[in-house]
Amino acid sequence: MRAEARQALGVPPDGPLLVAVGNLYPVKDHATLLRAAANLAGARVAIAGRGDEEKNLRRLAEELGMANHVHLLGLRDDVARVLAAADLFVHPSVSEGLPLAILEAMAAGLPIVATRVG
């Protein structure tokens, strides 16, 4: 199922896939996720969401030498498929209320790494 989900998303099957779901806003702090993933050999990152930080995240991925390992998926209506492709769910927000994305990741049975916020 994981390989099929990755193929449907256009994400290669190699390497662990870290997934985040959340709009591309500074408060979601996807930049920290990219910096951390750059230290994990072979890791890929897929982020489902849209927003003003897309250009900055693409630039950062280039600077980190991991542009080919970062997949900005845009706004998705198939979050279950995105989660099915993942090896790990990451929620790097600096502020959060009730993080529905974490609840969805839990329901999908994914291990979760999240910042301590709220």
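**Figure 1. Lining of the largest cavity in the predicted model.** The residues that line the largest cavity of this predicted model divide into four nonpolar, four polar and one charged. The lining consists of Ala20, Val21, Gly22, Lys28, His30, Val90, His91, Pro92 and Ser93. Two strands, β1 (17-21) and β4 (88-91), each supply at least two residues of this lining. The volume of the largest cavity is about 30 Å³, and the count of cavities of 30 Å³ or more comes to one.

**Figure 2. The largest pocket and the elements around it.** The largest pocket holds about 150 Å³ of space. It is lined by 13 residues, of which Thr32, Leu33, Ala36, Val90 and Val113 are the closest to its centre. Helix α2 (30-37) and the strands β4 and β5 (112-114) each supply at least two residues of the lining of the largest pocket. The most is given by α2, with four residues. By residue class, the lining of the largest pocket divides into ten nonpolar, three polar and no charged.

**Figure 3. The largest nonpolar core.** In soluble globular proteins, nonpolar side chains tend to be buried together. In the present model, the largest nonpolar core has 20 residues, and those with the most contacts inside it are Val19, Val21, Leu83 and Phe89. Two or more residues of this core come from each of α1 (2-9), β1, β2 (44-48), α4 (79-84) and α5 (100-107). The largest share, four residues, comes from α4.

Figure 4. Leaving aside residues up to four places away in sequence, Val21 touches Ala48, Val79, Leu83, Phe89 and Ala101. A second core, separate and made of 17 residues, includes Leu57, Leu60, Ala61 and Met66. Val21 also belongs to the lining of the largest cavity.

**Figure 5. The salt bridge between Glu96 and Lys28.** The structure holds six salt bridges. In one of them, the side chains of Glu96 and Lys28 meet at 3.1 Å, N to O. This pair links distant parts of the chain, 68 residues apart: Glu96 is in the loop between β4 and α5, and Lys28 is in the loop between β1 and α2. Glu96 is buried, with a relative accessible area of 19%. Lys28 likewise counts as buried, at 17% relative accessibility. Lys28 is also among the residues that line the largest cavity.

Figure 6. Arg58 and Glu54 form a salt bridge in which the closest N and O atoms are 2.9 Å apart. Because the two residues are four residues apart in helix α3 (residues 54-63), Arg58 and Glu54 are separated by about one helical turn. Arg58 is partly exposed, with a relative accessible area of 42%, and Glu54 counts as partly exposed at 31% relative accessibility.

Figure 7. The closest N and O atoms of the salt bridge between Asp78 and Arg76 are 2.8 Å apart. Asp78 is buried, with a relative accessible area of 18%, whereas Arg76 counts as partly exposed at 26% relative accessibility.

Notes: Residues numbered from 1 in each chain as written. Predicted model: local features only at pLDDT ≥ 70, side-chain atom pairs only at ≥ 80, totals over all residues. Heavy atoms only, no water. 1 Å grid on protein atoms, 1.4 Å probe; cavity = no way out; pocket = protein on both sides within 12 Å on 5 of 7 lines; lining within 4 Å. Points joined across faces, edges and corners; volume = space filled by probe spheres on them. Nonpolar A, V, L, I, M, F, W, Y, C, P; charged D, E, K, R; others polar. Core = buried A, V, L, I, M, F, W, Y, C linked by side-chain atoms within 4.5 Å. Buried < 20%, exposed > 50% of the residue type's maximum accessible area, 1.4 Å probe, protein only. Contact = heavy atoms within 4.5 Å. Salt bridge = Lys/Arg side-chain N within 4 Å of Asp/Glu carboxyl O.
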